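Thanks for coming, everyone. Let me put the structure up, and then we will walk through it.

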Amino acid sequence: MLGGYKGRILRVNLTDLRVSVEPLKEEYVKKFLGGTGIAAKILYDELDPHVDPLSPWNKLVFMTGPLTGTLAPGCGRFVIASKSPLTGIWGESGSAGYWGPELKFAGYDGIIFDGKAENPTYLWLNNENVELKDAKHLWGKDTIETENKLKSELKEPRSRIVTIGPAGERLAKIACIVADGGGVAGRCGLGAVMGSKNLKAIAVRGTERVEVADETTFNDLVKEISSIMENSPRTKSLRSYGSAGSMEGNEAVGDVPIKNWTINSWPDGAKKLSGQHMAKTILKRPVTCFACPIACKREIEIKSGPYAGVKGKGPEYETCASFGTLLLIDDIGVVAKANDLCTRYGIDTISCGSAIAFAYECYEKGLITNEDTEGINLSWGDHESFLKMIDIIGKREGIGLILGDGVKLASEKIGKDANKFAIHVKGLEMPMHDPRAYKSLALGYATSNRGACHLQAASHWVERGTTFPELGLKEKPDRFASEGKAKMVIDMQDFMAVIDSLIICKFTLTCGYTLSHLLRLVEATIGYKMTVDEFMRTGERIFNIKRLFNNRLGISRKDDTLPERIDKPLSVGTKHRRPDLGLMLDEYYQLRGWDEEGKPKPEKLTELEL
Amino acid sequence: MIRIHIRLLGDLREAIGKEKIEINLPNNSSIKELIENKLLRYEELKDHLIDPTTKRIRTDIIILINERSIESSIESERVKDGDTVTLASVVAGG
């Protein structure tokens, strides 16, 4: 097998409680690299596209990449993919931490689950030993309790755990999967897929290192990249303040959504929700993922006030916005408390904050009343009702039952004009960056294969001035211009598709990692040279196979849209402009080699060997 | 001479421990001159404002004159008396 890979995929049929090991196909490796690329190929080939996502016939794929578990900086991530119950289309989500490397150390590149266990079950991988074990005693427990209990009963404190919480067990479509006590694969409701299979957790312990093709070159390169990253001011900022260190700058340019995307300015709120404020108040220490010099994760502890006692993983930027600005809450303590609740219940904080903001607006406009909320007064900025809402979403009680299925389904159930307040694309709640502030985000959200996502392209980084010279992105473009944005979004989508396949944390790309480093790492790890063209062509292939997955489900131009609210600027002038989606979309389809309906043309598929 | 109000956000503010600075500049000064001749006097801001590779002013800094963000070159953007210039460094946001 090529370096970096273990060459083995574990297949688990939960209906029959049968496990088997199969070789990682060389065709997959050559054409799709790993991570999200191989997961997409597996699901495209094996899954009946029209399967109910919460039925036993859906499949759930956990994948690592060739760099996962090596000492290359920022390679602790793994990817989970499935047909999403939240969107009904391609679903993927990633998490960092230590679980992905541990899976490699146990001897596997990935795991494919299908079927449904008769009773709650967990998978225990201890190097060569594979066991499906009874999880009845864990069912109903939160993610932190589950992890602690598993480590204790397995007598393996160094095992790594991914688990769902009560929300995933109860099939909330915004349920997430939690790794390492707080690393979250949040998006697309994949926690509900685990729950639908009666799969509570996967515990892994491995001791076998990941071999690379050229160890001397690899080690020299790791030293070179680590030194650059260690000296980068961006590394120091992320370590000191986490991703929420960007909050105030983002607010200043109108990037932060406020009050369910209806306001574009709240500097005082942003300051109180910033990573800088967190560092002065509740931060205990920065926490690192496997072999990463950045340490952007937060460990927090609240020592006084109404939320005293809350401790553990702290909120990132997305959560500070979705539980803060989006709800007009400016208290980092209640945001940290809510983040802890969501980690324990196993709920995606972006979708959860969006669902609660949606409910607040429905309540404000009289579409729902106290009768619907069972007496909870939903008022913007109120802490008590906010925390109650998370509880009922996690427990699937009252109006929490419909909110836990995301804003699209909730708006359909509430009816009237509720869809106007449901801010999503293809059913996935929008992340906390405003496409009215960065035009490329509008196109990226509309065309992202998993629904609204800022990380599938991260093209707004270029509009903020992060350059990628080897991709031809050498200068900061005008963030309000439409011209040239289609090409930029395509390049970044294809680039990020490879990043999610190798798999490397995207934050490293702003801390000194370059494409040249990546190409040298691929050669030293896997053992073959890749040119920039081959690298980008691989990304294009991966992006397109996901589009094909979605095309089979009827996705076309009609779905590549933005919410009506986002299609209009909040004010003339300084912070927001209209996204001009139609204009950019025409150019995008043409450059992608797709037809007018957004389907890859036959000649494009031939060119990509799909 | 013109008087300019500087507002530093996020880690720029934390670096020097001040959110607001008042500075005097020659008439018709550019943003580039403002940074080079005034802000870089603060040793703690150098890492945040200068690209370690090119030794030039970083491209990934958010700069606003009053409420308007600077999208064109920092050489061509001029400030006038009484303007507020806001600066924040960009950090990858989750």
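Start with a detail: which residue is the bridge partner of A:Met63 in strand 6 of chain A? The partner is A:Gly110. Before going on, some ground rules. This is a predicted model, where local features need pLDDT of at least 70, side-chain atom pairs count only at pLDDT 80 or more, and totals for chains, interfaces and linings use all residues. Residues are numbered from 1 along each chain as its sequence is written, with chains lettered from A and ligands numbered from 1 in the order in which they are written.

Back to strand 6 of chain A, residues 110-114. Helices (H or I, at least four residues) and strands (E, at least two) are DSSP runs, numbered from the N terminus. Two strands pair if DSSP finds at least two bridges between them. Strand 3 of chain A, residues 60-63, pairs with strand 6 of chain A in the antiparallel sense, over 4 bridges. Strand 1 of chain A, residues 8-13, runs parallel to strand 6 of chain A, joined by 5 bridges. There, A:Leu10 stands opposite A:Ile111. Of the 5 residues of strand 6 of chain A, 4 are buried, so this strand is largely enclosed by the rest of the structure. Buried means that 20 or more other C-beta atoms, placed from the backbone, lie within 10 Å of the residue's own.

Now chain B. It has 3 helices and 5 strands. From the N terminus the order is β-α-β-α-α-β-β-β. The radius of gyration of chain B is 12 Å, close to the 12 Å from the globule rule for 94 residues, so chain B is as compact as a globular protein of that length. That radius is taken over C-alpha atoms, and the rule is 2.2 Å times the number of residues to the power 0.38. Of the 94 residues of chain B, 33% count as buried.

Next, the sheet of chain B. It is open, with 5 strands in the order 2-1-5-3-4 and mixed pairing. Strand 2 (20-25) and strand 4 (68-69) of chain B are at the edges with a single partner strand each, so one side of each lacks a neighbour in the sheet. Strand 4 of chain B pairs with strand 3 of chain B, residues 61-65, in the antiparallel sense over 2 bridges.

Last, the contact between the chains. It takes 33 residues from chain A and 24 residues from chain B. Two residues are in contact if their C-beta atoms, placed from the backbone, lie within 7 Å. Helix 8 of chain A gives the most to the chain A side, with 6 residues.

Technical notes
A residue is buried if 20 or more other C-beta atoms lie within 10 Å of its own, exposed if 12 or fewer, and partly exposed in between; C-beta atoms are placed from the backbone.
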